[in-house]
Amino acid sequence: MKNIQTKIGLFFLAILLYSCSINKFIPEGKRIYTGATIEIDSDSTVQKVNRLKENLLSVESPKPNTKLLGMHLGLYYYYKNEQENTNFINRWLYKRLGQEPVYQSDVELLNVEDILRNRLENNGFFYSTVVSSFNEKEKRASATYNLQIPKPYKMANYKIDSMISPIYEDIKKATKTSPFQKDMRFDLNNLKLERQRLDSELKKMGYYNFNPNFLIFEADTNQYSNKKFDLFLKLKGNVPRKSTVPYTLKTINVYPNYNLKDSTNTNVIKFDSINYYQDEIFFKPEFLDEFITLKKGSNYNPITSKNTARRLSSIGAYKYVNIQYKELDSTITGSEGNLEANIFLSPLTKRALRAELQAVTKSNNFAGPTLGLTFSNRNLFKGGETLNISSTIGYETQVSSGENAGLSSLELGLKSELIFPRVISPFSFSEDFFEYSIPKTKTSLSATYLSRSQLYTLLSGTALFGYVWNANKYITYEFNPISVNYTRLSNTTPEFEQILDDNPFLERSFDQQFISGLTFSFTYNEMISSSKTHQFYVNSTLDVAGNSISLFDRESSTSASREFLGLEYAQYAKADVDFRYHFNFGRNNEQKIATRLFAGYGLAYGNSDVVPFVKQYFSGGPYSVRAFNIRSLGPGTYTDTTNENNSSFFDRTGNIRLEANIEYRFPIYSFFKGAVFADAGNVWNSVGNPSFNGQDKFTSNFLNELGMGAGVGLRIDVQGFVIRFDLAAPFHDPGLPEGERLDFRLDEPVLNFAIGYSF
């Protein structure tokens, strides 16, 4: 460990020495330009001088070479690459870090002075003076700009000049919400923003052919002597008449099965004032109509157009949605124009088959392949419905030796999912209740057969009915009022019966075969906006079981447990929250610091004294604490030292889970990306399991019971499809005795293979 630290220290020392040695590479008579400073002498009325200085510094040209920790690494590797005998490492580092030098001779002080004066005038500081000079050293040079800034010009009145009708009345209405206020400092950028705002408001009123460049602002200072001005908004001359009137949607045509190769649909069905052109019924108009927010007779509105396009795209049956407008009148004689809206919908392939093959490794030394097949049938009943039928087959075998050798696991799964792009409910909703998007109704039935050799066979079935919808671009809700799960344990071996006898908690988690409840999920996701510097993600889920079914239960005659249809049912409440924050930086936001916090708690009550096994939390694995194998961490400080009766065959679970992750992601070359990360987490039980001697119980000492690890990763990212390899080693193992837990075990790394990013 000390040798590694020594090597790292020497490495950084070498970088420092190299970066300091760039002076010998600088050509004779040249100086590296190190940047500019701005000194401001302003009138006492000038406010926010520091913000103004930052604004002015942004016009500096050219920009000086960047530094990393005070070192000119980019310059160093540029100069090294220019040498005749450069090596592969220097060439690679030059491609990643190298920068061409910026010399003093590249800086035109007079040009920068002109730009600074122009920027000051754009901000209302007319008649400012700018004086510049160089500060020269042997191999370095910087620039200083001294600015004298007078009192700025401020607005006295904001007026609308005379215009033709009807645009005059509509512009006057739009200016009532203008951000311009009396005594506002003259700001050219604010004037540009106001023109864009007015254009947006006019477009919403139907001005289809309007352009923000048709508006012009004029400032009049003749009536004032104290640096005041009146601001006039005018319409430029020779603006086309068609740009000064609103447009109304006269006709709306929809092509539900549009094909560029064959677009001669002749059959038309009129529904709710909309014309649907399709040779044969591809999509029933009565179902498609609710996605179209355009209305005949209403004014053109680009927001309504975007809403319609977004809602149609959300159906899941269309590849492209294209809305085009056509002017119906060649000349405008009245106070409005007419438009024809044509909605072209290009469908996805009706039937599709997707195959997925995964290699699975688990903490209990099980490994094997899993094959998944999914068949999709889109627009099944000509109302945008999607039927997904998926099947999985997985086989795992234990690769360890000794008494565990020969254990195997066979899993077969079949799931049928039917998605309706509308609300199916006994209650009716207002047309505008779901303004952003129409909820989808999801129904599914699934069955799973799991056979674990020498132990048991588990048959489970699940039925679900619920809704999912987007409240806006970032927020998604999912509500499943019906969620039913049934499990049946059979073909148990004497060895497995002994395991249950030794662990009552595990036995109780298998006893309750029937789970009926509801789930609700809230998601706020800014990760879809890749251009954001700061991205936030929050997912919160509530899972409640047993409340509604308890109204129909009856007490068992042999125990205090209650049953429904002869089956003992579970009662629990489970809530968790997943919070993520990503900070993007570097060129084109190529680098990222990603963080994550997760907290979850499950409470068994009523008919249950333990949360069902399938609903408990686990920790460890490629999407959790990567320095520990999947489901191998915890609970608490528990560790299996006996490994009797194949007990390692069971995953370690608990009803409390806490995790934290941080990861630095960076590009390497092309679609290869790297990462350095650290993870921490564990699971606990709120009520200790007697079989674990209380080691699994959650206490105030939980921070000292976190499993921690760190590592490096490689990602192959091809247009969003990510194959991920993470190599991590633990440095804090709660399963070890106190005093021995903190130990960076670099010789015991865990290799994780997964699809997609961890968080």
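1. Terms and basis. A residue is called buried when its relative accessible area is under 20%, exposed when it is over 50%, and partly exposed in between, using a 1.4 Å probe and protein chains only. This is a predicted model, in which local features need pLDDT of at least 70, side-chain atom pairs count only at pLDDT 80 or more, and totals for chains, interfaces and linings use all residues. Residues are numbered from 1 along each chain as its sequence is written, and side-chain values use heavy atoms, with hydrogens and water left out.

2. Overall build. The chain has 11 helices and 30 strands. These are DSSP runs numbered from the N terminus: helices are H or I with at least four residues, strands are E with at least two. Of the 759 residues, 42% are buried. Take contacts between residues at least 6 apart in sequence: 64% of them join residues at least 24 apart. Contact here means heavy atoms within 4.5 Å.

3. Surface. The accessible surface of the chain is about 40,200 Å². Carbon and sulfur atoms account for 54% of that surface. Areas come from the Shrake-Rupley method with a 1.4 Å probe, and for residues only the protein chains shown count as cover.

4. Salt bridge count. A salt bridge is a side-chain nitrogen of Lys or Arg within 4 Å of a carboxyl oxygen of Asp or Glu. By this rule there are 25 salt bridges.

5. E218 and K234. Their side chains form a salt bridge, with N to O at 2.9 Å. E218 sits in strand β5 (residues 215-220) and K234 in strand β6 (residues 228-235), so the pair ties together parts that are 16 residues apart in sequence. Both ends are partly exposed: E218 has 35% relative accessibility, and K234 has 23%.

6. D726 and R626. Here the N to O distance of the salt bridge is 3.2 Å. D726 belongs to strand β29 (residues 721-732), while R626 is in the loop between β25 (591-604) and β26 (656-669), so this pair ties together parts that are 100 residues apart in sequence. Are these two residues buried or exposed? D726 is buried, and R626 is buried too.

7. The network around that pair. D726 and R626 also belong to a network of salt bridges.

8. R745 and E748. This salt bridge has its closest N and O atoms 2.9 Å apart. R745 counts as buried because its relative accessible area is 13%. E748 is partly exposed, at 40%.

9. Positive patch. K284, K350, R351 and K382 form a positive surface patch. Patch residues have over 30% relative accessible area and no salt bridge; like charges are joined within 9 Å, and nonpolar side chains (Val, Leu, Ile, Met, Phe, Trp, Tyr) within 5 Å. Lys and Arg count as positive and Asp and Glu as negative, with His and the chain ends not counted. The place of a charge is NZ of Lys, CZ of Arg, CG of Asp or CD of Glu. K350 is in the loop between β11 (337-347) and β12 (351-361). At 33% relative accessibility, K350 is partly exposed.

10. Cis peptide bonds. Where are they? One joins S61 and P62, with omega about -5°. P62 lies in the loop between α2 (49-57) and α3 (73-82). Another joins G634 and P635, also with omega about -5°. P635 is in the loop between β25 and β26.

11. Positive phi values. D183 is not a glycine, yet its phi is near 70°. D183 is in the loop between α6 (167-174) and α7 (188-204), and is partly exposed at 38% relative accessible area. S273 likewise has a positive phi, near 70°. S273 lies in the loop between β8 (268-271) and β9 (274-277). Its relative accessible area is 38%, so S273 counts as partly exposed.

12. Two single residues. I89 is in helix α4 (residues 88-97) and is exposed at 55% relative accessibility. S460 lies in strand β17 (residues 456-470) and is buried at 18%. Leaving out residues up to four places away in sequence, S460 touches S446, A447, T448, Y486 and T487.
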